[in-house]
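Q: Can you walk me through reading a few features of this model? I'd like the general idea each time, then the case at hand.

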Amino acid sequence: MADLTHRRRMGVLAICCMSLLLVSLDTTILNVALPAIRREFDASVSGLQWTIDAYVLVLASLLMLAGSTADRIGRRRVFQAGLVLFTAGSVLCSLAPGLGWLVAFRTVQAVGGSMLNPVAMSIITNTFTDPRERARAIGFWGGVIGISMAAGPLIGGLLVETAGWRLVFLINLPVGLAALVLTAMFVPESRAARARRIDPVGQLLVILVLGPLTFGIIEAPVLGWTSPVIVACLATALCALAVLPAYERRRDDPLIDPRFFRSAPFAGAAAIAVCGFAALGGFLFVSTLYLQDVRGMTALHAGLYLLPMAATMLLFAPLSGRLVAARGPRPPLLAAGTAMTLSGGLPAVGGLGSPGSSDALLIVSFVLFGVGMGLLNAPVTNTAVSGMPVSQAGVAAGIASTSRQVGQVLGVAVVGSVIAAGVGGEAVAAGAGFTGAARTAWWIITGCGAAVLVLGAATTGPWARGTAERAAVLIGAEGGAAPPGGRTGSRTG
């Protein structure tokens with residue numbers, strides 16, 4: 001696709017970003033709509049959790065399968081199928097007669113969503129073959145996340161208050177149809193040079209890792225960590241995790257090539273994605289509880305308070321792409337880790353969690369976190385797909401996307417259990433233990449930020465670049481591999 005004009009390439013980028021906006025906006029809008037869904041269906045808290053968790057679980061489980069399938073049978077074809085399924089699932093969700101149906105229709109959305117983001121990133125990787133141009137495109141892609149975070153709570157609050165929660169899902173219909181038509185018109189088909197065989201056992205093992213692990217983390221605060229169900233889930237996940245690399249290593253066409261992880265930058269990008277998005281999940285969870293339940297804000301008012309974080313994320317995401325193109329992934333990763341560490345450490349030290357906490361401390365923390373997340377996405381995504389064979393770009397992007405989803409699940413689960421233990425069954429607003437629990441949650445977020453900083457420093461130096469080059473040679477660049485770190489020349493940051 002290197003012969004496409006600049007305008008055509010930018011059009012492809014815009015279409016791919018529409019898919020990211022669909023998936024990201026859906027999550028932030030839904031959080032605002034949960035109280036209205038609870039009232040209509042008389043749903044329990046766990047029932048509401050599954051409207052989110054069923055989606056995340058299916059999405060995380062299928063991302064790598066979607067990426068490898070797109071590399072095999074055609075990226076545009078799989079992307080179009082994802083748009084159809086996601087849009088149809090959204091319409092079904094808007095018509096759901098009960099909570100069980102809503103959860104089931106959310107899984108349809110998730111199957112479609114799994115075909116969008118990693119496949120869109122694979123299309124971008126194959127469209128923008130110049131490393132510098134690719135890094136800028138990925139930076140723009142990351143900026144869409146900031147747009148979704150800024151627009152989601154505001155749009156969701158307005159829709160719920162004026163037209164009801166069902167329109168929150170129905171709004172995906174015109175966007176999905178527009179993206180589908182534009183994809184048929186402007187996105188060229190691409191696939192790997194050699195078709196890779198399906199790996200059903202590898203896919204099953206991935207599901208057995210992520211499914212029981214997610215269920216165990218979510219339900220452990222209710223059932224107890226020593227519950228036979230939770231122990232069985234965690235044991236199943238650990239066993240599958242131990243078997244997966246051993247099995248995949250013996251396959252000619254593995255779903256996940258274990259050799260990818262011999263590249264320190266690639267392995268580091270996956271670990272950084274888990275830590276960074278665990279911080280994001282925990283940060284949004286504790287912030288939303290604090291703003292709405294402790295401070296008594298409406299969903300729309302709380303969304304306005306989150307605007308400084310979304311605005312800085314939107315501002316720094318394209319800057320991060322330019323930094324990666326000019327200086328490599330190291331500077332934005334170090335800056336992201338520092339900002340995220342401070343964003344959790346300041347409220348932990350300042351005791352942010354009581355009704356009378358300082359607004360200034362709150363806003364500074366939100367701004368710092370927005371800076372960190374804005375800087376994080378471009379180097380993570382660029383490092384995951386750069387240096388890997390172009391023919392397996394969908395798999396690499398799928399692993400990076402899966403790492404993000406797993407991180408968010410872990411962040412919400414861990415911070416949620418800390419908050420639940422702190423309030424001890426009382427309402428959050430009335431629970432005297434919320435302030436102490438919130439302090440612990442902020443320290444957890446601080447630890448995630450520090451992990452981003454340490455991993456960023458450890459996996460972007462000369463030694464790490466050498467492992468990436470050796471891994472690329474070992475894997476075999478069928479269609480050519482981009483230089484590790486997204487740059488040409490020796491100055492890799």
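Q: Where in helix 10 does a kink lie?
A: Helices are DSSP runs of H or I, at least four residues, numbered from the N terminus, and the bend at a residue is the angle between axes fitted to the seven residues ending there and the seven starting there. Here a kink of about 25° sits at Val-243, shortly before the proline Pro-245. Bear in mind that this is a predicted model, where local features need pLDDT of at least 70, side-chain atom pairs count only at pLDDT 80 or more, and totals for chains, interfaces and linings use all residues. Numbering runs from 1 along each chain as its sequence is written, and side-chain values use heavy atoms, with hydrogens and water left out.

Q: Which residues in helix 10 are buried?
A: An α-helix has 3.6 residues a turn, so residues three or four places apart point the same way. Buried means under 20% relative accessible area (1.4 Å probe, protein chains only); in helix 10 that covers Ile-230, Cys-233, Ala-237, Ala-240, Leu-244 and Glu-248.

Q: Which members of the largest nonpolar core touch the most others?
A: Such a core is a set of buried Ala, Val, Leu, Ile, Met, Phe, Trp, Tyr and Cys residues joined through side-chain atoms within 4.5 Å. Among its 46 residues, they are Val-286, Phe-369 and Leu-376. Helix 11 gives the most to this core, 14 residues.

Q: What is Leu-376 in contact with?
A: Contact means heavy atoms within 4.5 Å. Beyond its neighbours within four places in sequence, Leu-376 meets Ile-272, Gly-276, Leu-333, Ala-336, Met-340 and Val-452.

Terms used:
Helix = DSSP H or I, 4+ residues; strand = E, 2+ residues; numbered from the N terminus. Buried < 20%, exposed > 50% of the residue type's maximum accessible area, 1.4 Å probe, protein only.
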